[in-house]
Every structure is written in structure tokens, then in C-alpha cells.
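Visitor: I would like a close look at a single part of this model, taken slowly, and then at how that part relates to what lies around it. Please take me through it in one connected account.

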Amino acid sequence: MKRYWELFLVFFKIGAFTFGGGYAMIPLIRNEVVNKRGWLDDDEFMDSLAIAQSLPGPLALNTALFVGNKRLGFKGSLFSGLGVILPSFVVILLIAMIFVQFKDNPVVERIFKGIRPAVVALIAAPLVILGKAANVTWKNFWIPVSVALLVWLLGVSPIYIVAGAIALGILHLVYVKRRLNR
């Protein structure tokens, strides 16, 4: 039972002290489960992250569920999932109870506008770290930039982009398999 609570506490700490959402949590999760505790190796973590990103739902939760399941099975995923969700749930509940009184205050509105650039930085920094771990170089940096521009400027639905990426991935796999079989 002690191992389950250890898993819960690791993810509770990450959930409680990380701001900026799932992408901001990823380097902390990686540091805890790969570097500090050795529950996964770096390749397993990157694979779990790829799976977590492709599944519906919050990235940090999906990653926590994967790590918990890999470590201690189904019960482990319950403890890790609850650990990563509970801090956000409690904080949002408290904010909602308090924020109703101040939602139309111009000072509060300006504070939230000031926080936005910090949140962008908190999301961008882990993406750069993950890109390095996944061997993304500046040479192929054009892919996420072009995808962002397609969505932002041209209004292309992300569903079409994901479907196109899947099709290109399958074509690439077929091409590589044919080259290897020659």
C-alpha cells in the first residue's frame, strides 16, 4: 500500500505546484519518473507521452495514468490519476466560489490579461525541452510552425491536420518497409 501512496504523492505534488497546464507538467513528471525514481526509462517516457497526446483527455492525466499503470497496474493508475487531478479540482472549486464575487472587477480582468504571456512561456519552455528529448531539430521545426499557422491564419480544422498526419505516417511506414525489404 505504501507504493500506491508514493505514486499518489508524487503526482499530487506535481499537480499542486505546476502552473500552465499539462505541457508545463511534463518536464516535472519526466524528472520524477525517469531521473529521480527510475520508474521508466527515457524511451518509455517518450512513448508514453506520444500515446498520452494521441488519446482524448488531459495530457498530464493521460501521462499519469500510463505511468501508474506501468508501475503498479490498474490500482496504480487510479492513485496516480487521482493524485494529479485532486489539486486542480480543489483549487478550481475554491476559485469558482471566490471568483463569482469579483468577476466584473476591472483590476481582476487586467491581472488575467497580464498572466497570459507567462502561461504561454510556461507552455513553450517544456515543448522545447521535449523537442530536444525527441530529437526535434531546427531543420524540422517548420512542421509545428506551419501547423500552427494553418490553424490560426487559414482556419484549417485540427481534425484535418491530424488525419493528414496519420495518412502521411502510414505512407511513410509503407515506404520504409518497402525499402527495408529490398
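Predicted model: local features only at pLDDT ≥ 70, side-chain atom pairs only at ≥ 80, totals over all residues.

Guide: Within α1, the buried residues are Tyr-4, Leu-7, Phe-8, Val-10, Phe-11, Ile-14 and Gly-15. Seen down the axis of α1, these buried residues fall within an arc of 160°, so they line one face of the helix. On the other side of α1, Lys-2 and Leu-9 are exposed, where exposed stands for a relative accessible area over 50% and buried for one under 20%. What covers the buried residues of α1 includes α2, residues 22-36, and α4, residues 59-99.

With a relative accessible area of 0%, Thr-63 is buried. If residues up to four places away in sequence are not counted, Thr-63 touches Ile-26, Ile-29, Phe-45, Leu-49 and Ala-52.

Helix α1 also takes part in a pocket. The second largest pocket holds about 370 Å³ of space, and of the 16 residues that line this pocket, Thr-18, Phe-19, Gly-20, Ser-88 and Val-91 are the closest to its centre. The elements that give two or more residues to this lining are α1, α4 and α5, with α4 giving the most, five residues. By class, the lining of the second largest pocket has 11 nonpolar and five polar residues, and no charged ones.

The largest pocket can be set beside this one. Its volume is about 1,500 Å³, and among its 32 lining residues, Val-136, Asn-140, Ile-143, Pro-144 and Val-147 lie nearest the centre. Two or more residues of the lining of the largest pocket come from each of α3 (42-54), α5 (106-133), α6 (142-154) and α7 (158-181). Of these elements, α6 gives the most, with eight residues. The lining of the largest pocket has 25 nonpolar residues, six polar residues and one charged residue.

Definitions and conventions
Residues numbered from 1 in each chain as written. Heavy atoms only, no water. Buried < 20%, exposed > 50% of the residue type's maximum accessible area, 1.4 Å probe, protein only. Helix = DSSP H or I, 4+ residues; strand = E, 2+ residues; numbered from the N terminus. Arc of directions from axis to C-beta. Contact = heavy atoms within 4.5 Å. 1 Å grid on protein atoms, 1.4 Å probe; cavity = no way out; pocket = protein on both sides within 12 Å on 5 of 7 lines; lining within 4 Å. Points joined across faces, edges and corners; volume = space filled by probe spheres on them. Nonpolar A, V, L, I, M, F, W, Y, C, P; charged D, E, K, R; others polar.
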